[in-house]
Amino acid sequence: MRILALGDVITPSAVEFLAARLWAYRKAEKIDLVIVNAENASFLSGVTKPLAETLFQGGADILTGGNHSLQSRSVHALHEDDPRVLRPINYPCDAPGRGYTLTEAAGYRVLVMNAMGTALIEPVLDHPVRYIERALEREAGNYDLAILDFHAEATGEKVALARRFDGRFAAIFGTHTHVPTADLQILPRGTGYVTDLGAVAPTGGVLGVKTEVIQTRLETCLPASYQPAEGPIRAEGVLFDIDPATARCLSLSRVALVE
């Protein structure tokens with residue numbers, strides 16, 4: 001089974017870029033399941049229903065999220081209504097939406113889960129380990145393999161959690177920092193892992209944001225309204241090859257789609 005995970009989609013223009021190219025890439029590489037982190041799709045305020053539909057029609061199967069997932073009340077109904085749209089599982093239990101979903105790919109049952117870190121990131125949520133444990137126990141016997149998007153800032157937190165759940169997920173990938181990391185690896189018990197997928201974003205700014213805005217905020221300590229970056233869009237992610245019979249990762253490789 002081939003599973004493609006793509007990093008944070010930043011801005012509606014990046015949504016359109018990805019949707020225009022994903023099906024062709026998916027077919028060429030014989031990809032069975034596509035997971036896209038879409039918490040920044042509408043630029044720092046979650047993913048709207050129209051943008052979600054554009055991504056689904058363009059070739060995405062599951063949309064994961066993070067600290068911006070529920071920032072706008074306008075997207076709460078989407079999280080409640082569509083099981084393909086996830087937010088971190090360790091949000092409070094009465095928060096809109098869900099932290100995992102069950103889907104099918106290549107004839108196998110796949111559990112896709114989303115969790116968020118607690119270090120250097122807001123909102124500050126409960127530690128995710130017990131939420132992940134409970135979900136895995138609750139769905140035991142209902143899935144053949146599991147995938148986790150861990151949305152976190154701190155590298156050490158991502159690595160520690162991946163090693164905590166090594167062998168219980170076929171793949172664990174980090175999102176949020178928008179910069180692709182070079183530490184692709186298969187952990188000792190068979191989990192494919194990377195600390196950060198990168199982003200699907202304009203490349204002419206700072207992590208998808210206009211350069212001058214970030215410089216102003218850093219150099220003056222004064223507020224400045226975020227504005228999308230300009231420049232060519234680049235889609236970054238990782239392609240995982242999974243043995244569904246053992247739920248172990250066989251190999252993983254970097255992916256980049258460019259204008």
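Author: This is a predicted model. A compact globule of 259 residues would have a radius of gyration near 18 Å, and the protein chain has 17 Å, so the two agree. The C-alpha trace spans about 55 × 40 × 35 Å along its principal axes. In secondary structure, the protein chain comes to 6 helices and 13 strands.

Now to the helix pair. Two packed helices are described by the angle between their axes and the distance between the axes. Here the pair is α1, residues 12-28, and α2, residues 49-58; their axes come within 8 Å and cross at roughly 20 degrees. Angles under 35 degrees count as roughly parallel, so α1 is roughly parallel to α2. The crossing of the two helices is left-handed.

Which residues make the contact between α1 and α2? From α1 come Pro12, Val15, Glu16, Leu18, Ala19, Leu22 and Trp23. From α2 come Leu51, Thr54, Leu55, Phe56, Gln57 and Gly58. Sorted by type, the residues of this contact are 9 nonpolar, 3 polar and 1 charged.

For a look at strands elsewhere in the chain, take β5, residues 100-105, and β6, residues 108-116, which pair in the antiparallel sense over 6 bridges. Within this pairing, Thr103 stands opposite Val110 in β6. The two strands form a hairpin, with 2 residues between them. Ala106 lies in the turn and has a positive phi of about 55 degrees.

Conventions. Residues numbered from 1 in each chain as written. Predicted model: local features only at pLDDT ≥ 70, side-chain atom pairs only at ≥ 80, totals over all residues. Heavy atoms only, no water. Axes fitted to C-alpha atoms, helices over the stretch in contact; angles between N-to-C directions. Helix = DSSP H or I, 4+ residues; strand = E, 2+ residues; numbered from the N terminus. Parallel < 35°, antiparallel > 145°, perpendicular 65-115°, else oblique. Left-handed = near helix turned anticlockwise from the far one by under 90°. Contact = heavy atoms within 4.5 Å. Nonpolar A, V, L, I, M, F, W, Y, C, P; charged D, E, K, R; others polar. Pairing = 2+ DSSP bridges. Rg over C-alpha atoms; globule rule 2.2 N^0.38 Å.
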